[in-house]
Amino acid sequence: MVRFENVGMRYGAGPEVLSDVTFALKPGSFHFVTGPSGAGKSSLLKLMYLAHRPSRGFVTLFDRDVTRVPRGDLPELRRRIGVVFQDFRLVQHLSAFDNVALPMRVAGSREEVIRKHVTELLTWVGLKDHLHARPPTLSGGQQQRVAIARAVIAHPKLLLADEPTGNVDDTIAVRLLYLFEELNRMGTTVVIATHNRSIISRFSHPIMRLREGGLVEIKQSAAE
Amino acid sequence: MSRPQSLLPLSREPSTRLLPWIIGVMVYLAVLIFAAALLLANIAANWDREMSAGFTVQIPPAAGDAPEALEARVAAVVKTLKEAAGVGEVAVVSPEVTALALEPWLGPNIEAHDLPLPRVVEVHFADRATVDMAALIAKLEEAAPGTVVDNHEFWRNQIVSLVGGLETLATVAIALIGFTAMAAVIFTTRSSVAIQRDVIEVLHLIGATDDYVAHEFQRQAFWISLSGSASGTVLAVATLYLLGQLAGNLDTALMPDLSLGAWQSVLLWAVPLLACLIATMTARRTVLAALRRMP
Ligand SMILES: Nc1ncnc2c1ncn2[C@@H]1O[C@H](COP(=O)(O)OP(=O)(O)O)[C@@H](O)[C@H]1O
Ligand SMILES: [Mg+2]
């Protein structure tokens, strides 16, 4: 599903923020990526959601060497990936409904199918009464649920979440993680970047630990 | 809330709000200039048709000629003309009519000036192709020495070059208008793409193709330019109508026919449509070029 081989990454002409990262994730797996702030968690996710290309090494996604895919093939690959961005990146002038509908519209789904699925999902995450609210009028936690709904609406094969529990208290954070586990049970490969140890410790998923741009260990679970 | 929000609204910044106006003014000017060029071409074609329908022969009185001698020469000219192949109607213009035609220049009492007026014969072609002008001119000179044949060559050449010059001018003006409007569309689209870079990036990460993003801009550019060019065209047509009314009040003898043919009207209506098409395609190409520079 995801393979990194000796991957290095830098922003522009800056120093390497990831060095010699090598790992492989099986389809249907569930991993936490952890490490101190600035360790490179977000950068690692950016490589996986194809926002950046590695400066060296190989990144393979869905059995394709993404270091070499032409620009025109990226949209099709990206449609199989759902992303919860650290800062949500909701479109501020669109309603919650239209934000969640975006991945389906972009993929060319029919409008009545979109209406049904989006309404269902937003109802499921408890935003039934906020379908037409714009992000600035929603609380941080509500915006986060919109962001998560947008990430999962198109049934991605790979779900990537960057600090998805950053803005909510631990009870809500755990509930959101149950949602990700639910998706994982239905076959989605999940990778969650977080520095929240107390959350990680409540689940028995493997942990990838980053420090200063290097992958220092992959533990099978926090319990080990 | 009723109308769905546009995904990448083009019209949020002040520069975009000017765009329909800019396109409206440009289309207004382009339609007027184009209409003027078409009318001019029509007038020139009319004149040309009238002028090439025949020619005039002037028989100047020789110094000290008796009036009878002049009449005899006129008769000789008329005889020669009637015998020539391809010549149709031959009409001798009476001295009174000639004097009347010269009145604006020479004043009412030409007789009093004792100016020797030439006699004028107007000739219409029956079949222009069979007329051998050079041979005819030689024969006329033989019949009545000093005869001047004016086949309007000079005026026709003048008009052809004048109309050609004005048409070039109109083409250049319309091209400049087009380039200016395109520049406005390019500028607005670029700044719009730059301002909405974040949203475009999210769209890309969600799996939108460049084409999808370009389509969002393109659609708005189409509606903006349609509203602009529709108002520009309506104003231009109203202006042309008013000018037509004013012209109608003038002496009809002086005014040439100011109307466009059917296919010319179609061409005129093509101006706003072409403006829409150009604006839409310009927006599309601008967005695609800008997107290719994004990751
Ligand atoms: N857009 C960027 N441009 C330049 N440097 C960046 C950028 N984003 C992150 N970095 C740098 O890359 C390193 C890793 O950052 P990041 O991946 O955000 O770490 P984490 O998510 O673990 O906090 C940091 O040193 C950070 O300053
Ligand atoms: Mg981060």
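Predicted model: local features only at pLDDT ≥ 70, side-chain atom pairs only at ≥ 80, totals over all residues.
Student: Great, then what is the order of the strands in the open sheet of chain A?

Tutor: The open sheet in chain A has four strands, and their pairing is antiparallel. E1(A), residues 2–10, pairs with E2(A) over six bridges. The order is E2-E1-E4-E5.

Student: Which strands stand at the edges of that sheet?

Tutor: An edge strand here has a single partner strand, so one side of it is left without a neighbour in the sheet. The strands in that position in chain A are E2 (16–25) and E5 (64–65).

Student: Which residue of E2(A) is the bridge partner of Val7(A)?

Tutor: Strand E1 of chain A covers residues 2–10 and runs antiparallel to E2(A). The bridge partner of Val7(A) in E2(A) is Val21(A).

Student: Now the backbone: what is the phi of Asp63(A), and is Asp63(A) buried or exposed?

Tutor: Most residues other than glycine have a negative phi. Asp63(A) is not a glycine, yet its phi is positive, about 65°. Asp63(A) lies in the loop between E4 (56–61) and E5 of chain A. With exposed meaning over 50% relative accessible area, the 73% of Asp63(A) makes this residue exposed.

Student: Where does Glu212(A) lie?

Tutor: Glu212(A) also has a positive phi, near 50°, in a residue other than glycine. At 75% relative accessibility, Glu212(A) counts as exposed. Glu212(A) lies in the loop between strands E9 (207–211) and E10 (214–219) of chain A.

Student: Let's turn to the interface: how much area do chain B and chain A bury between them?

Tutor: The contact takes 25 residues from chain B and 19 residues from chain A. Carbon and sulfur atoms carry 61% of the buried area. The total between the chains is about 1,900 Å².

Student: Which residue of chain A forms a salt bridge with Asp210(B)?

Tutor: The count of salt bridges between chain B and chain A is two. In the one formed by Asp210(B), the closest N and O atoms are 2.4 Å apart. The partner of Asp210(B) is Arg71(A).

Student: Which element gives the largest share of the side of chain B that touches chain A?

Tutor: Helices H8 (197–206), H9 (210–249) and H10 (262–292) of chain B each give two or more residues to that side. Its residues divide into 14 nonpolar, six polar and five charged. The largest share, eight residues, comes from H8(B).

Terms used. Residues numbered from 1 in each chain as written. Chains lettered and ligands numbered in written order. Heavy atoms only, no water. Contact = heavy atoms within 4.5 Å. Buried area = accessible area lost by both parts, 1.4 Å probe. Salt bridge = Lys/Arg side-chain N within 4 Å of Asp/Glu carboxyl O. Nonpolar A, V, L, I, M, F, W, Y, C, P; charged D, E, K, R; others polar. Pairing = 2+ DSSP bridges. Buried < 20%, exposed > 50% of the residue type's maximum accessible area, 1.4 Å probe, protein only.
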